Amino acid sequence: MKINKHIAVSDSGFVFNPVTGESFTANPMGIEIIEMLKQERTIAEIHETLLQKYHTEHTTIEKDVADFFELLKNFSLIDRHETTEN
Amino acid sequence: MKRPKIRIGVTGLNAIDNPGPGVPVIRGLLEASSFDAHIIGLAYESLEPGIYMHDLVAKTYQIPYPSSGADQLMDRLAYIHEKERLDVIIPNFDAELFSFIKLAPKLKAMGIHTFLPTLDQFEERLKVNLPEFGKKYGMHVPKSESIYQVSDHKKHMDELGWPVVVKGKYYDAGIAYNSEQLAGYFNKISAKWGLPIILQEFAHGTEFNVTGLGDGYGNTISAVPMRKQYITDKGKAWGGIAITDEKLLKLTRHFIKETKWRGAFELELMKNKKGEFFLLEINPRIPAWVYLAVGVGQNIPEAYVNLAMGKAVQPFESFESGKMFVRYSWDMIVNLSDFEKISTTGEL
């Protein structure tokens, strides 16, 4: 899964889509996930990194990340036709 | 190199809550690198704020309302020209454009240049003609019908559905959810702007605008799309951001190429959930938010004047996206003597 190439993300978590003019604010966890997407990390890798860092259950991480991806898709920040399996 | 001085008459000095484009146009002109602009204001009312902005406007003259007819306007412009030797006039109101288009050859003979759409282009894009315009040029437009009596709406509502947008032929609009509201808007808008009233299918989605400039041969000189971020109760943008939607830019280039649009314009569009754009209106003039285009690198007023003067103008190839404008109001302190002068002599 790739973050839309036009999207600008600042260190502070300000996310700007220059195509639609929309802007969003991501929390620290959101920034971390977006950063990993920008580095083209796979979903499994993202899960693993978060699991190691936050010492929580795998199902919780999986659910939270899936919810976040859904948000990103709804806001056209990642390609709509991409799926969480990529 | 010394820049040539160009004397430019500008209308639309009403920098109010429903602002005319005059003041931002002047700001663009004063920032032009290719000429030194000397601005003459052309105002209808003595309280148009631009009249009193002496750092922007060298002198202002009152001109007659469009309803007075083209002859009266011509007489007044001839008087102003005698005093000011105007090189260019930029009319900024929809309602005055018809007169200026009609007068353009006479003005040119006097040495005053304009860069306006042709009468055909002007009329073809009128709100009442928009459905045909959409068909002719292959652009999505919402369904619309013109009515001359309130009761006429009934025969169109099955097709248009509720809510419906009630529009004046030049300005003003309201969204009506039932016949009572529709009648209210009909009466209010027609009292101010006359008939017909246009009923337009309500398009759901996000509103986008594009301002640009066509050279009259189908070439795009400028195009800058904007998304409104803050909208006033009059539906005017109080804040907006330049965006880079390629689909919007393509649509704009298509509009200019197909119509061979001459002059400045603003497209008002709605993007639905499927990502399709519907053309709501074409304003045949520079919009009040044009200073955003100047701020992102496309000085439309400057290019407009150069085209009017018959100079070759290279199309702008890019602009800086992600820049915003935020409008603000500003109280000027004005001497009563200034107000007295413009009110009694029609000049300041």
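Strands E6 (residues 164–167) and E7 (residues 173–176) of chain B pair in the antiparallel sense over four bridges; strands are DSSP runs of E of at least two residues, helices are runs of H or I of at least four, both numbered from the N terminus, and pairing takes at least two DSSP bridges. This is a predicted model, in which local features need pLDDT of at least 70, side-chain atom pairs count only at pLDDT 80 or more, and totals for chains, interfaces and linings use all residues. Residues are numbered from 1 along each chain as its sequence is written, with chains lettered from A and ligands numbered from 1 in the order in which they are written.

**The hairpin**
- Across from B:Val166 you will find B:Gly174 of E7(B).
- Five residues lie between the two strands, and B:Asp172 in this hairpin has a positive phi near 75 degrees.

**Helix H7(B)**
- B:Leu182, B:Tyr185, B:Phe186, B:Ile189 and B:Ser190 of H7(B) are buried (20 or more other C-beta atoms within 10 Å of their own, C-beta atoms being placed from the backbone; exposed means 12 or fewer, partly exposed in between).
- They sit on the same side of H7(B), because they cover an arc of only 115 degrees around the axis, taken from the directions from the helix axis to the C-beta atoms.
- On the face turned away from that buried side are the exposed residues B:Glu180, B:Asn187, B:Ala191 and B:Lys192.
- The cover over the buried residues includes E6, E7 and strand E8 (197–201) of chain B.
- B:Gly194 follows H7(B) and has a positive phi, near 85 degrees.

**Meeting chain A**
- Seven residues of chain B are in contact with six of chain A (C-beta atoms, placed from the backbone, within 7 Å).

Notes:
Two residues are in contact if their C-beta atoms, placed from the backbone, lie within 7 Å.
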